[in-house]
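Work through the exercises below with the model open. Each task is followed by a solution in steps.

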Amino acid sequence: MCQRCRAAGREAMTVRVATQEDSAVIYRLLCDFATSYQPERAIFDHRTFPRVLKAAADGAAELLVAELNGTVVGYVLAARLPTLFAGGTVLDILELTVDAAHRGHGMGSLLVHAVITRAEQADDVEVTVPTRRAAGFYSRLGFTETATYLKYAPGRAAVHR
């Protein structure tokens, strides 16, 4: 349990659907999470976050936040993808992060279990996660390695022939 939690004498961990009011804290957490890209606040506020909230409202994504005693300390973003190969929709965890001061106390696991519950409720056929850095974490939660993800960023990468 983190120092702040111990000082409070209790910890009430909850997960809920993210709202527009969570924008600032999600942006702060995103800045700590992102390694390949540097988020830009204006783009986040005016394009990215509203699109993600709309996708979640439409059922095409899940954006959940973890709270500790009423304070948001983490989030998970997953996209729901229709597939032919899997015989239904797949929920792909794209981002999962917990504030550094609160890591190692079950918040990440709580968020993943909440995503799995949402996937079951939506009748998704599987939950996937592309990761290299957190493979051990997801393995401990019952995920198994099945693929290697490759990435191409149109307009950002030079073509090598």
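**Exercise 1. Check the length of helix 3, then describe its bend and its packing**.

Start with the length. Helix 3 covers residues 41-57, which is 17 residues, and at 1.5 Å a residue it should span 24 Å. The expected span is 1.5 Å times one less than the number of residues. The end C-alpha atoms of helix 3 are 22 Å apart, which agrees. Helices (H or I, at least four residues) and strands (E, at least two) are DSSP runs numbered from the N terminus.

A note on the source: this is a predicted model, in which local features need pLDDT of at least 70 and side-chain atom pairs count only at pLDDT 80 or more, while totals for chains, interfaces and linings use all residues. Residues are numbered from 1 along each chain as its sequence is written, and side-chain values use heavy atoms, with hydrogens and water left out.

Next, the bend. Helix 3 bends by about 35° at Thr-48, and Pro-50 follows within four residues. The bend is the angle between axes fitted to the seven residues ending at a position and the seven starting there.

Then the packing. Phe-44, Phe-49, Val-52 and Leu-53 of helix 3 are buried (under 20% relative accessible area; exposed is over 50%, partly exposed in between, with a 1.4 Å probe and protein chains only). The buried residues of this helix pack against helix 2 (23-33), strand 2 (61-68) and strand 3 (71-82). Just after helix 3, Gly-59 has a positive phi of about 85°.

**Exercise 2. Identify the largest nonpolar core and what supplies it**.

A nonpolar core is a set of buried Ala, Val, Leu, Ile, Met, Phe, Trp, Tyr and Cys residues joined through side-chain atoms within 4.5 Å. The largest has 20 residues, and Ile-93 and Val-115 have the most contacts inside it. Strand 2, strand 3, strand 4 and helix 4 each give at least two residues; the largest share, six residues, is from helix 4. Another core, of 16 residues, lies apart and includes Phe-49 and Tyr-75.

**Exercise 3. Trace the pairing of strand 3**.

Two strands pair if DSSP finds at least two bridges between them. Strand 3 runs antiparallel to strand 2, with eight bridges, and antiparallel to strand 4, with nine bridges. Val-76 stands opposite Leu-96 in strand 4. As for burial, nine of the 12 residues of strand 3 are buried.

Notes
Contact = heavy atoms within 4.5 Å.
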